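Here's a quick briefing to read with the structure open beside you.

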Amino acid sequence: MYRFNTISNTDLSNLIDEWIKSERDRKIMKRRLLDGITHERIAEEFELSVKQIYRITNKYTAMLYQLCSEWQAIG
C-alpha cells in the first residue's frame with residue numbers, strides 16, 4: 001500500500017483537485033485518503049460496487065504517489 005506520510009493533507013488534497021478531473025473520483029479519493037473511510041463504506045455512499053471503488057482508488061493512488069515522489073524530488 002502506498003503511504004503519503006511525507007505530504008500534508010492539504011497538499012494531498014490540492015494534488016487530488018489538480019490531477020483528478022472527475023468530481024466523483026475526487027470525492028472518492030478524498031474520502032479514502034484523507035478521511036480513511038473503508039472501500040465498503042465508500043461503495044455504499046456512492047452507490048457503486050466495492051470492486052469499482054478498488055479500481056478507482058488503485059488507479060489514482062498510484063498516480064498520486066508518483067506525483068508526490070516527483071514533487072518531493074524537486075523540493
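The protein averages a pLDDT of 89, and 89% of the residues score at least 70; pLDDT is the predictor's confidence in each residue, from 0 to 100. This is a predicted model, where local features need pLDDT of at least 70 and side-chain atom pairs count only at pLDDT 80 or more, while totals for chains, interfaces and linings use all residues. Residues are numbered from 1 along each chain as its sequence is written, and side-chain values use heavy atoms, with hydrogens and water left out.

**Overall layout**

- The secondary structure comes to four helices and zero strands, where helices (H or I, at least four residues) and strands (E, at least two) are DSSP runs, numbered from the N terminus.
- Reading from the N terminus on, the elements go α-α-α-α.
- Confidence is lowest in helix 4 (residues 50–74), with a mean of 86, and highest in helix 3 (residues 39–46), at 98.
- Of the 75 residues, 32% count as buried; buried means under 20% relative accessible area, exposed over 50%, and partly exposed in between (1.4 Å probe, protein chains only).
- Take the contacts (heavy atoms within 4.5 Å) between residues at least 6 apart in sequence: 50% of them join residues at least 24 apart.

**The nonpolar core**

- In soluble globular proteins, nonpolar side chains tend to be buried together.
- A nonpolar core here is a set of buried Ala, Val, Leu, Ile, Met, Phe, Trp, Tyr and Cys residues joined through side-chain atoms within 4.5 Å.
- The largest such core has 19 residues, and the members touching the most other members are F4, I16, M29, L33 and L64.
- Helix 1, helix 2, helix 3 and helix 4 are the elements that each give two or more residues to this core, and the largest share, six residues, comes from helix 4.
- What does F4 touch, leaving aside its neighbours within four places in sequence? F4 is in contact with L12, L33, T61, L64, Y65 and C68.

- Helix 2 (residues 23–34) has twelve residues and, at 1.5 Å a residue, should span 16 Å; its end C-alpha atoms are 16 Å apart, so the two agree. The expected span is 1.5 Å times one less than the number of residues in the helix.
- Its buried residues are D25, I28, M29 and L33. They sit on the same side of helix 2 because they cover an arc of only 110° around the axis, the arc being that of the directions from the helix axis to the C-beta atoms.
- After helix 2 comes G36, with a positive phi near 70°.

**Helix 3 and what follows**

- H39, I42 and A43 are the buried residues of helix 3. Their arc around the axis is only 105°, which puts them on the same side of helix 3.
- Helix 3 is followed by E47, found in the loop between helix 3 and helix 4.
- Most residues other than glycine have a negative phi, and most peptide bonds are trans.
- E47 has a positive phi near 55° in a residue other than glycine.
- Is E47 buried or exposed? With a relative accessible area of 73%, E47 counts as exposed.

**Salt bridges**

- Side chains of opposite charge can pair when their charged atoms come close.
- A salt bridge is a side-chain nitrogen of Lys or Arg within 4 Å of a carboxyl oxygen of Asp or Glu, and by this rule the count comes to seven.
- D17 forms a salt bridge with K30, with the closest N and O atoms 2.7 Å apart. This pair links distant parts of the chain, with D17 in helix 1 (residues 9–19) and K30 in helix 2, 13 residues apart.
- D17 is partly exposed at 38% relative accessibility, and K30 is partly exposed at 23%.
- E23 and K27 meet in a salt bridge at 3.3 Å, N to O. Both lie in helix 2, four residues apart, about one turn of the helix.
- E23 counts as partly exposed at 48% relative accessibility, and K27 is partly exposed at 44%.
- R31 pairs with D35 in a salt bridge, the closest N and O atoms being 3.0 Å apart.
- R31, D35, R41, E44 and E45 are linked in a network of salt bridges.
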